[in-house]
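Look at the sequence and the model together. The paragraphs below start with one loop and its surroundings, then move to the helices and the chain as a whole.

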Amino acid sequence: MSTVAAARATRPPLWRDVRVLRIAGQALFILVVALVAREMYLNAAFNSDRPLTYSYLQNRAGFGIKESVLEYSANQPFYRAFMVAATNAMMVAFVGIILATILGLFIGIARLSTNWLVRKIAQVYVELIRNVPALVQIVFWYTAVILTIPRIQESLSVFDFAFVSNRGAAIPAVRGGDDFGVWWLFVVAGLVTAWFVWRRRTRINEATGEPSYRWLWAAGLVIGIAAIGYFVLGNALTIEVPELAERRYLGGLQMSPEFAGILLALSLYTAAFIGEIVRGSILAVSKGQKEAAQALGLRPGQQLQLVVLPQALRTAVPSITNQYLNLWKNTSLAFVIGFPEMVNVSTTMINQGGHELENFSLFVGTYLAVSLVISAVMNIFNRLVALRGGG
C-alpha cells in the first residue's frame with residue numbers, strides 16, 4: 001500500500017476530525033449570532049410599528065450645540081449634529097489620554113521615590129482618586145472648582161495674553177496663514193531628515209557605544225527646518241491673541257468650563273490607574289538589570305530612562321490600553337455637566353425626532369469603532385516594543 005493510501009486509510013472520519021469540528025463550530029456560532037440579530041431587529045421593528053431607518057438623519061436638526069470642534073448650526077441635518085458630538089467626545093479622549101499618560105508616568109515613578117514626602121503624596125493621590133467614582137469627580141471638579149473661579153468680568157489674566165474665568169478659558173491660538181500648506185512641506189522634509197539621522201545615530205551608538213542623542217538630533221532638525229520654512233515664507237503661521245469683551249472672549253483658542261471639567265476629571269482619574277500600572281511594571285523589572293546598569297556607572301536617571309522604563313513598558317502597554325479604553329468610554333459621563341457629547345446630543349435628537357433605537361445604535365457603534373481603533377493602534381505599538389526571540 002502506498003504512503004498516500006495509508007494516510008487516507010488512517011484519516012479519522014469527518015465527525016471526529018478536529019479541523020472539521022473547529023470550522024463547523026465557528027460556522028454554527030456565526031449562524032446563531034446572525035439569527036439572534038435578525039430576531040432582535042424584527043422585534044424592534046414590530047414594537048416600533050415601523051421599519052428601522054436612518055433616513056431621518058438628513059432632516060433638519062433644529063437645535064444648537066454650544067460647543068463644537070466642527071462648524072455647526074441648527075439648520076444643519078441630524079447627522080451633522082451627531083458628528084459634532086462624536087468629535088467633541090474624541091477630542092476629550094485624545095487630550096485626556098495624553099495628559100493622563102504624562103501624569104501617570106510621573107505618579108508611578110513618584111510612588112517608588114526614595115523621598116518619603118514625594119512617595120506619600122503620590123500614594124495619597126492614587127488611593128484617593130482610585131476609590132472615588134469618576135462621576136463624583138466630574139461633578140466635583142465642575143461645580144466645586146471650575147464654577148467657583150471668578151466671573152468673566154473679573155477674569156484672571158496672564159499679561160492680557162490669556163484669560164480664565166468660570167465661563168471658560170482663552171489662550172493664544174496658532175492659525176494657518178496663506179503659506180501654511182507650503183510650510184507643511186518643510187515640516188515633512190524635517191521629519192524625513194530626522195528619521196535618517198535617527199537611524200544614523202542609532203548605528204553609531206550600536207557600533208561604538210557613544211551616546212546617540214537621537215531625540216535631540218531629531219527634534220532639533222524638525223524644529224530647525226520648520227523654523228527656516230517659517231522665516232522664508234513669511235506668512236505661514238499667525239498667532240491670534242484672545243481679547244476680553246463685555247461678557248465673552250473674542251479670538252484665540254477657547255475652552256468651555258464643561259470641557260475643562262470633564263477633561264480635568266477624566267485625566268486625573270485615569271492617571272491614578274496608569275500610575276499604579278507604571279509602578280508595578282517597574283517593580284517587575286529584574287533587580288539584576290538595575291544592578292547591571294548601576295555597575296556600568298549609569299546615574300539613577302539614566303538607569304530609569306535607558307534600562308528600567310524600556311523593559312517596564314513591555315509589561316505596562318496592555319494594561320495601559322485598557323485604561324485608554326476606559327477613558328474613552330467614560331466620556332459618556334460628561335452629559336451630567338451638560339457637555340455636548342454623544343449621549344447628550346443623542347438624547348436631544350430623540351426628543352426632537354424619535355428614532356430611539358437608531359440613535360442608540362449610532363452612539364454604541366461609534367464607541368465600539370473608536371475602541372477598536374485604540375486597541376489596534378496600541379497592539380501595533382505593543383508589537384514594536386515587544387522582545388523578539390533570536391532566530
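Helices here are DSSP runs of type H or I with at least four residues, and strands are runs of type E with at least two, each numbered from the N terminus. With that in mind, find Arg111 in this predicted model: the residue sits in the loop between helix H3 (78-110) and helix H4 (116-130). Is Arg111 buried or exposed? A residue counts as buried when its relative accessible area is under 20%. Arg111 has 12%, so it is buried. Apart from neighbours within four places in sequence, Arg111 is in contact with Arg119, Ala122, Gln123, Val126, Glu276 and Arg279.

How many residues of H8 are buried? The count is 22 of the 28, so H8 is largely enclosed by the rest of the structure.

A further buried residue is Thr366, with a relative accessible area of 15%. Thr366 belongs to helix H12 (residues 356-385). Setting aside residues up to four places away in sequence, Thr366 touches Phe82, Ala86, Met90, Trp328 and Met342. An α-helix has 3.6 residues a turn, so residues three or four places apart point the same way.

Ala34, in helix H2 (residues 18-47), has a relative accessibility of 44% and counts as partly exposed. From Ala34 to Leu135 is 101 residues in sequence, and their C-alpha atoms are 36 Å apart in space.

Now turn to the chain as a whole. Its secondary structure consists of 12 helices and eight strands. Of its 391 residues, 33% count as buried. Among contacts with a separation of 6 or more, 67% join residues 24 or more positions apart.

What radius of gyration does the chain have? The value is 27 Å, whereas a compact globule of 391 residues would have one near 21 Å. Along the principal axes, the C-alpha atoms fill a box of roughly 95 × 75 × 50 Å.

The chain exposes about 24100 Å², and carbon and sulfur atoms supply 65% of that area. As for charge, the chain carries 32 positive and 21 negative side chains, and the centres of these two sets are 15 Å apart.

Conventions:
Residues numbered from 1 in each chain as written. Predicted model: local features only at pLDDT ≥ 70, side-chain atom pairs only at ≥ 80, totals over all residues. Heavy atoms only, no water. Rg over C-alpha atoms; globule rule 2.2 N^0.38 Å. Buried < 20%, exposed > 50% of the residue type's maximum accessible area, 1.4 Å probe, protein only. Contact = heavy atoms within 4.5 Å. Areas by Shrake-Rupley, 256 points an atom, 1.4 Å probe, with all protein chains shown as cover. Lys, Arg positive; Asp, Glu negative; His and termini not counted. Charge placed at Lys NZ, Arg CZ, Asp CG, Glu CD.
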